[in-house]
Amino acid sequence: MTIDESGRLYVTTAQGVQVFDISGKYLGLIPTPRSVISVAFSGRGKKTLYVVGSGALGPDGKEFTTPEGVRNNAKTIYRIPMVAQGFTGRPK
């Protein structure tokens, strides 16, 4: 999860990133092609939302797979330009 400067909460889900206002009211969904597991604001002015999705495509453009019994820990990172600004109250 992460928050923006206005106190909105961004929560990762199987469908994408759900957004809630400071009172907890659901505002909507930022859809992603994969289930997402992590989200953070970063970049210039903290106006880019970085989202980590489960799974990835290999160099051949096909879904990356591992041999039977080996955990597939492949990830895809999405960079989403935002109008909202991430929380600036801490340097990270």
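Is Arg8 buried, partly exposed or exposed? In this predicted model, Arg8 is partly exposed, with a relative accessible area of 27%. Its value falls between the cut-offs of 20% and 50%.

Arg8 has a charged partner. Its side chain meets that of Asp4 in a salt bridge, at 2.6 Å from N to O. Asp4 is buried, and its relative accessible area is 1%. Side chains of opposite charge can pair when their charged atoms come close.

Strand E2 spans residues 9-12. Two bridges join E1 to E2, and the two strands run antiparallel. Here Ile3 stands opposite Leu9 in E2.

How many salt bridges does the structure hold? There are two. Beside the pair of Arg8 and Asp4, Arg34 forms a salt bridge with Glu63. Their closest N and O atoms are 3.0 Å apart. Arg34 lies in the loop between E4 and strand E5 (36-42). Glu63 lies in the loop between strand E6 (48-54) and strand E7 (75-81). The pair therefore ties together parts that are 29 residues apart in sequence.

Glu63 is partly exposed, with a relative accessible area of 43%.

Methods
Residues numbered from 1 in each chain as written. Predicted model: local features only at pLDDT ≥ 70, side-chain atom pairs only at ≥ 80, totals over all residues. Heavy atoms only, no water. Pairing = 2+ DSSP bridges. Helix = DSSP H or I, 4+ residues; strand = E, 2+ residues; numbered from the N terminus. Salt bridge = Lys/Arg side-chain N within 4 Å of Asp/Glu carboxyl O. Buried < 20%, exposed > 50% of the residue type's maximum accessible area, 1.4 Å probe, protein only.
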